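Morning, everyone. I have one structure to go through today, and I will keep it short.

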Amino acid sequence: MTKTEIKKHINKSVYEFATALGYQMSDDNDGSYVTFSKSNFTSYYDTIDYHRSYQEANVMKGACDESVADADKINEFVSVMKNKFAAG
C-alpha cells in the first residue's frame, strides 16, 4: 500500500471504531476534520474532533470524562494501526 492508501485505510478504520463506541460521525466536507458525537450528549464540548491528516482525536477543555476517555481510545487505536503498517 502507498502512504496515501494507508492513511485512508486508517481513517476509515477510525470511523468504524468510533461508530462501534456509539458515536455518530459528522463531516463538514472540508477534508480536514470529522466530528464524533453521541446522541445523549447535551453539549458541543462533549464532541470529539478527529483530524484526518494528523490522525489525531481531540476534545475541548470542559469535555465530559467519557469523551476524554474515548478520544484517548481512538488515539491509541490509531497508534496501533500505524505501528501495524510500520512493521510491514
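I will take the sheet, then the helix across it, then the aromatic rings.

Keep in mind that this is a predicted model. The sheet is open and has 4 strands, in the order β1-β2-β3-β4, with antiparallel pairing. β1, residues 24-27, and β4, residues 56-58, are the edge strands; each has a single partner, so one side of each has no neighbour in the sheet. From one strand to the next, the twist averages 25 degrees. Between β1 and β2, which covers residues 33-37, the antiparallel pairing runs over 4 bridges. In that pairing, Gln-24 stands opposite Ser-37 of β2.

Now the helix. α2, residues 65-87, lies across β2, β3 and β4, and runs at about 20 degrees to β3.

On to the rings. How many aromatic pairs does a search of the whole structure find? It finds 4. One of them is Phe-17 with Phe-77, a stacked pair at 4.4 Å centre to centre, with 5 degrees between the planes. Phe-17 belongs to helix α1 and Phe-77 to helix α2, so this pair ties together parts that lie 60 residues apart in sequence. Phe-17 has 23% relative accessibility, so Phe-17 counts as partly exposed.

Phe-36 and Tyr-50 make a tilted pair, 6.3 Å centre to centre and 40 degrees between the planes. Phe-36 sits in strand β2 and Tyr-50 in strand β3, 14 residues apart. Both of these residues, Phe-36 and Tyr-50, are buried. Ring pairs also bring in Tyr-15, giving a cluster of Tyr-15, Phe-36 and Tyr-50.

Last item: Lys-84 lies over the face of Phe-85, 5.7 Å from the ring centre.

How values were computed. Residues are numbered from 1 along each chain as its sequence is written. This is a predicted model: local features need pLDDT of at least 70, side-chain atom pairs count only at pLDDT 80 or more; totals for chains, interfaces and linings use all residues. Side-chain values use heavy atoms; hydrogens and water are left out. Two strands pair if DSSP finds at least two bridges between them. Helices (H or I, at least four residues) and strands (E, at least two) are DSSP runs, numbered from the N terminus. Axes are lines fitted to C-alpha atoms, for helices over the stretch in contact, and angles run from 0 to 180 degrees between N-to-C directions. Contact means heavy atoms within 4.5 Å. Rings of Phe, Tyr and Trp (its six-membered ring) pair if their centres lie within 6.5 Å; planes under 30 degrees apart count as stacked, over 60 as edge-to-face and the rest as tilted. Buried means under 20% relative accessible area, exposed over 50%, partly exposed in between (1.4 Å probe, protein chains only). A charge sits over a ring if NZ of Lys or CZ of Arg is within 6 Å of the ring centre and within 35 degrees of the ring normal.
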